[in-house]
Structure formats: C-alpha cells, structure tokens
Amino acid sequence: HNDSNQIVKDILVKADLQTTSQPLNLSASNAAVAELKPDCCIDDVIHHEVKEIGTHILVCAVTQMGEKMYFRKFFKFQVLKPLDVKTKFYNAEIDEVFLEAQIQNITTSPMFMEKVSLEPSIMYNVAELNTVDTSGERVSTFGSRTYLQPMDTCQYLYCLKPKQEFAEKDGVIKGVTVIGKLDIIWKTNLGERGRLQTSQLQRMASGYCNVRLSPEMVPDTVNLEEPFDITCKITNCSERTMDLVLEMCNTSSIHWCGVSGRQLGKLHPSSSLHLALTLLSSVQGLQSVSCLRLTDTFFKRTYEYDDIAQVCVVSSEIKKKE
C-alpha cells in the first residue's frame, strides 16, 4: 500500500515460504509494477498446498528498483497435523489381505470426509468394504454424509486380492509387500479443502516363507469329545525340492488323532499335496486349530502353523436338540 502522496515506480513484490526443510518461492510473477499511485495497493493471491508440519515463515519482500529501496516482513505460523491415520493388516487365505484404516480428526473443528480411497500397488486389485446392499443399491455404511467431529474416528475396510498373473506364481506374494497408499480428501466447516496422501503402505506377508499350509475343508460346528476331520493343502513355494515330516502337537483344548512325526515324502517346487487330518476338542466354545509343524529334513528347517482355522465346539446333546 502506497501511504505517501507521490507516485512510486518500479515496485517488485516477492513472497517466499521458509519451512523446516526448504525455502519455496510463492510469487506468481517476477515482473515489476510500473507505478503505484498514492493510496493504492498491489494485491496478489497466493495458493500453496502445505505438505509439511511444523513452523512456517512467510517472507514478503518489497523492492523499489529505481531507488534501490528494500524492506521485508516476516509472518510466522504453525502447521499442525490434521489427521491421525493408523492401519492394521490381516492376512487371509489364498493370499488375500484385509486393510483396516482408522482415520481420526485431531483438529479443533469438524470436517466432512469427501473421499477416502486406497490406490493399490500393481500387484493387487482392491475392493472397498464400506458399503452395504440395500434394496439392490450400494449405500455407504457411514450414511449419505461422513462427518468427523474433533477427536472422532472412522474405520474403513478394504480387501486386496493378487492379480491373476501374480496369484498363479507361488512365492511371489510374500515377504515385505507394498500394498498401496491411502488418498484422503476432506473439507472444513468453511469449505476449505484438505488432502492427505500417505506413503506406500507395507505389510509382512503370511509367515509361511517357503512352505504354505492352508485349510481346504473345515467343519463349522463339531461335537464335544468326538473326532472330526479337516483337509489342508501344503504347497512348496521355494525353488527346491523338500522332504517333509509332519508333527502334531496337542493344546489344552485340541487333541490330534494319529501318529505324529510321519513322513510326507518329497514335494517338488510349486507342487502341492492334500492332507486329511483327524482331531477332537475337549473344551466347548470357539476353538482354534493350531500346533502343526512341518520339518524339511534336507535343510533341517521347521515351519510352525498356529491358528490354522476355528471351529465351534458344542455338546452332542445340544446338537441333537437342534
């Protein structure tokens, strides 16, 4: 603003933003204004997407080119974290991965969640599990509008499945795997839009390493202290032949029927075998089928499998009444 009663010529206005890591030039134009009449202003609207938290300093510099006059003003402000994002992974059978994203509003004002999506990596397809089927129409579980009050949390669920070309290759989907990244867009109570894109999310794949054991047939409900059968599939995910030995260890509630330590024979790379097993439960309720061990006698390595499946154990009298 020209506070004098004279025309000021060749005015250059420059704005820079200093963050904790780097300086940024925000000026839309570096051209000087030819003249500024008394009681007139130079207005410039600056748009900048804030990508860092912490202390920011806006530096505004004004230079009169001809007279070589110069001054600066500093405007210091803090950028706070708007959202807290936590993720949980669950590794299911057939290499499926379930991702739960917990998004919390940690600002002091309400916000409208305009978009929350998961952009999968090239190895996965994603399905959003945040809608329900109502009269043939998909409706959001959060209603028509998703609002987050200060300190409120929303939970979003996604299912990732390997693409066909990767699912057909045993051992590809394992180890540390890049899942994708979350893209979150929201609006504040005055309509300002904010956006947060996470870095690539990573999870530890199923712990089968070189040998995968997956349940093929497991009954939902079984009788207390009565034997029942399950079928498991064992797959060699390594690049070498294995000679496997099966060990079955009892727990306080699950008891295996049969001989532990039996030879399963040689299993070639990318080959599978189906294994029928018999067991019984001595405790009612939801019980976990656990404590199977596979030992590769060639390399003396043992692979442990717990929480293979779950069965509901009921009294035989209750089942007869049903």
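Tutor: Happy to! Let's start with a pair of strands: β18 is joined by three bridges to β27, which covers residues 309–314, and the two run parallel. One of the residue pairs involved is Asn223, whose bridge partner in β27 is Val314. Keep in mind that this is a predicted model.

That pair belongs to an open sheet of three strands, ordered β18-β27-β24, and the pairing is mixed. At the edges sit β18 (221–223) and β24 (285–289), each pairing on one side only. From one strand to the next, the twist averages 40°. As background, strands of a sheet pair through backbone hydrogen bonds, either parallel or antiparallel.

Now for the wider setting. An unreviewed UniProt entry annotates residues 219–313 as "domain: Trafficking protein particle complex subunit 13 C-terminal". In the model, that span is 62% strand and 0% helix, and its end C-alpha atoms lie 10 Å apart.

Finally, the side chain I would pick is Arg240, in the loop between β19 (228–236) and β20 (242–248). Arg240 counts as buried because its relative accessibility is 18%, below the 20% cut-off. The side chain of Arg240 makes a polar contact of 2.7 Å with that of Asp296. Beyond its neighbours within four places in sequence, Arg240 is in contact with Asn210, Leu267, Pro269, Asp296, Phe299, Arg301 and Tyr303.

Technical notes: Residues numbered from 1 in each chain as written. Predicted model: local features only at pLDDT ≥ 70, side-chain atom pairs only at ≥ 80, totals over all residues. Heavy atoms only, no water. Pairing = 2+ DSSP bridges. Helix = DSSP H or I, 4+ residues; strand = E, 2+ residues; numbered from the N terminus. Axes fitted to C-alpha atoms, helices over the stretch in contact; angles between N-to-C directions. UniProt positions renumbered as here; feature names shortened; annotations may be inferred. Buried < 20%, exposed > 50% of the residue type's maximum accessible area, 1.4 Å probe, protein only. Polar contact = N/O pair within 3.5 Å; in protein donor to acceptor, adjacent residues only side chain to side chain. Contact = heavy atoms within 4.5 Å.
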